[in-house]
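Subject: Structure handover and notes

Dear colleague,

I am passing on the structure that follows, together with my notes on what was found in it. Please read the notes with the structure open beside them.

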Amino acid sequence: MLIKANRGTAMGPGRVNLMFMNSVVLFGVLLTAIPFIYMITASFRDQGELYSLPVTIMPREWHGHNYQKLFGDTNFVIWYGNTIFTAGVRTVLGVYFAALAGAAFAKYNFRFKRFFFFLVLATLTLPFQVLLVPLFLMMVDFGWVDTYWAVIVPGIVIAFNIFLMRQYIESVPDELMDAARIDGASEFGIFHRIIIPLVRPALGVVAILTFVNTWNDFLWPLIVLHDDTKYMLALGIATMEGPYDVEIGAIMAASFLSTLPILIVFVLMQRQIIAGLTQGAIRG
Amino acid sequence: MPAHTLTTGDSSQRFSIADWWSRNQRRVIPYIFLAPFLLSFLVFTVYPAGAAFFLSFQRVRGFISQEEGGGVVLEYKGLDNYERLLTKDKRFGTAIMNGAEFAIGTVLIQMPIALGMALLMNAPHVRFKVLARLAFFAPYITSAIVVGWIFTLIFQDRYGLLNGALAALGIEGVGWLTNKTFVMPALIILGLWTWCGYNSLFFLAGLQNVPDDLKEAARIDGANTIRVFWHITIPFLRPVFVFVVITGLIGSFSLFSQPYLLFDSGSGPGDAGLFPVMYLFFMGFENFRMGYASAIGYLLTAIILLITGLQLLLFRLWRV
């Protein structure tokens, strides 16, 4: 059987073909990985070595002083804390609100349901950038510039998340909800004790995507945060060269440390995340 | 619906609200469930969208000092902002053209590579599938700022990784970020690295959705591999093509963080790295021309909706 398969029959591609296919996939993986590897190795290199010939990926000498500089000379730890806090709050509230709206669309009939759902779809297509100027003026009016409110509150309910949650919640059996109603459960009780536990995996995926988006957000924090101690990670890392005149090695160290938690979560949950994301697209 | 009608006259008076609630909650609850969305939508989308619309016909005349309460003085200018953008402002035209160039470049190069990668990852006996899935998704979840910094190093003239690799092949390197001609290719390389693998995962999900028995039936009817691919697999991937093309287009016109970082908060040599949202940002938040920036926002939205609509129409024609 094995020998037959290797000759290239209906069993599968031949050995040479298979080797070629494997190496193409591996080459793609390598091309994708090199910039990440370069980021990590550059964070352990001396500036002088990084700017010398010949160009190499691996350091000739490993140094830790980029990390010392990062923690000693910048507000990196504060930015990290700010980002964990705002991304955390935004994710918990945002996903809860999206699940509520998703449940309303999936499991209830009410007046203007179609119109409200049209609103959700409309926000999906409206580019956020149109709103930048008036939203900023609004933040000034509210006195929210340089506060966490400005990063957390506007756009906390993400239309795409409502859309995803509606799809997931539709699979919750109506009979289960009706049985709970007969037992005297309130609608909020049904939401918390039946719907939420049943869609927990989907909820996790939506939460991670929301968290990652807030974690990486740059344009909006750039507009509403001007005080260095209020910065989020992406904004802080983007400004490192200017005011601090930090060496590129330290910037790479910051880049590496800020990407690490996201990558770890993704490695642990990649199957669910990719399935959750791609599902909408293949159904059209 | 559980209606608690077993209460006596006295207590029904006392518990009338609770009673009404228990009879009507199923009718009322969807509005309560929707309330956070609707509130956020009204305050942070409808109102600013309206404000931006009015702003786009106005011009900032001056600023009120902090002592007098702060704020801006506006005056109506009719269609001036739009007229200027469409007829006189060359930088806006450059930004739109760059967006279009980037969109065409990334989508056209990326689609065949992404589809090919997905076919490989879907083929039986091919290895490294889990590894490839991990690697291809990683750039997408990495912050655009981090990507920007890494590629600042990679695209460097003298000590950059890309020019180093070219030198090893005996090719003389170029100024990827300093030479006007190579700015767009550099950005497209960055775009491919970020989105190509990501899109291949969508193609892969689409391929796994093609029913095997359909392909089998076609093969029994005598169709060869290429015909099966062309007449069964490709039509099944239609929604993925729609998704990849449309998100690619919208993303191209909204590109901001990567070029903003690569060109040191600027627009690159000769505006070669200027994109529409960057231009909006420069006008609104560096020159404080809020009205003009709002007009850019609306024109950009109109262009994006127009292109998206056109794409959807084209894809609809394809179905027939």
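How many residues of chain A are in contact with how many residues of chain B? Counting two residues as in contact if their C-beta atoms, placed from the backbone, lie within 7 Å, 79 residues of chain A are in contact with 79 residues of chain B. Helix α16 of chain A, residues 248-283, supplies the largest share of the chain A side, namely 16 residues; helices here are DSSP runs of H or I with at least four residues, strands are runs of E with at least two, and both are numbered from the N terminus. That side of chain A is made up of 58 nonpolar, 18 polar and three charged residues, where Ala, Val, Leu, Ile, Met, Phe, Trp, Tyr, Cys and Pro count as nonpolar, Asp, Glu, Lys and Arg as charged, and the others, Gly among them, as polar.

Before going further, please note that this is a predicted model, in which local features need pLDDT of at least 70 and side-chain atom pairs count only at pLDDT 80 or more, while totals for chains, interfaces and linings use all residues. Residues are numbered from 1 along each chain as its sequence is written, and chains are lettered from A and ligands numbered from 1 in the order in which they are written.

On confidence, pLDDT is the predictor's confidence in each residue, on a scale from 0 to 100, and chain A averages 85, with 92% of its residues scoring at least 70. Within chain A, helix α5 (residues 76-107) has the highest mean, at 94, and helix α1 (residues 2-7) the lowest, at 42. Over residues 1-11 of chain A the pLDDT stays under 50, and the model has ten contacts beyond four places in sequence for them. Where pLDDT is low, the predicted coordinates should not be read in detail.

As for the overall form of chain A, there are 16 helices and zero strands. The radius of gyration of chain A, taken over C-alpha atoms, is 25 Å, well over the 19 Å that the globule rule gives for 284 residues, so chain A is more spread out than a compact globule; that rule is 2.2 Å times the number of residues to the power 0.38. Along the principal axes, the C-alpha atoms of chain A fill a box of roughly 75 × 70 × 35 Å. Of the contacts in chain A with a separation of 6 or more, 69% are between residues 24 or more positions apart.

Both chains are divided into domains, with bounds that come from an automatic or database domain assignment. In chain A these are domain 1 (2-63) and domain 2 (67-283), and their C-alpha centres are separated by 34 Å. Seven residues of domain 1 of chain A are in contact with seven residues of domain 2 of chain A, and on the domain 1 side the largest share, four residues, comes from α2(A). In chain B the division is into domain 1 (9-76) and domain 2 (89-319), with C-alpha centres 37 Å apart. Nine residues of domain 1 of chain B are in contact with eight residues of domain 2 of chain B, and the elements giving two or more residues to the domain 1 side are α2 (16-55), β1 (58-63) and β2 (72-76) of chain B.

Which residues have the most contacts inside the largest nonpolar core? They are Ala98(A), Ala101(A) and Ile296(B), in a core of 159 residues, a core being a set of buried Ala, Val, Leu, Ile, Met, Phe, Trp, Tyr and Cys residues joined through C-beta atoms within 7 Å. Helix α8 of chain B, residues 180-207, gives the most to this core, with 14 residues. Leaving aside neighbours within four places in sequence, the contacts of Ile296(B) include Leu85(B), Phe92(B) and Met283(B).

A residue is called buried if 20 or more other C-beta atoms, placed from the backbone, lie within 10 Å of its own, exposed if 12 or fewer do, and partly exposed in between. Val130(A), in the loop between α6 (113-125) and α7 (132-142) of chain A, is buried, because 27 other C-beta atoms lie within 10 Å. Among the residues that Val130(A) touches are Ala49(B), Ala52(B) and Tyr298(B).

Finally, Phe128(B) has a positive phi of about 65 degrees although it is not a glycine, and with 18 C-beta neighbours inside 10 Å it counts as partly exposed.

Best wishes
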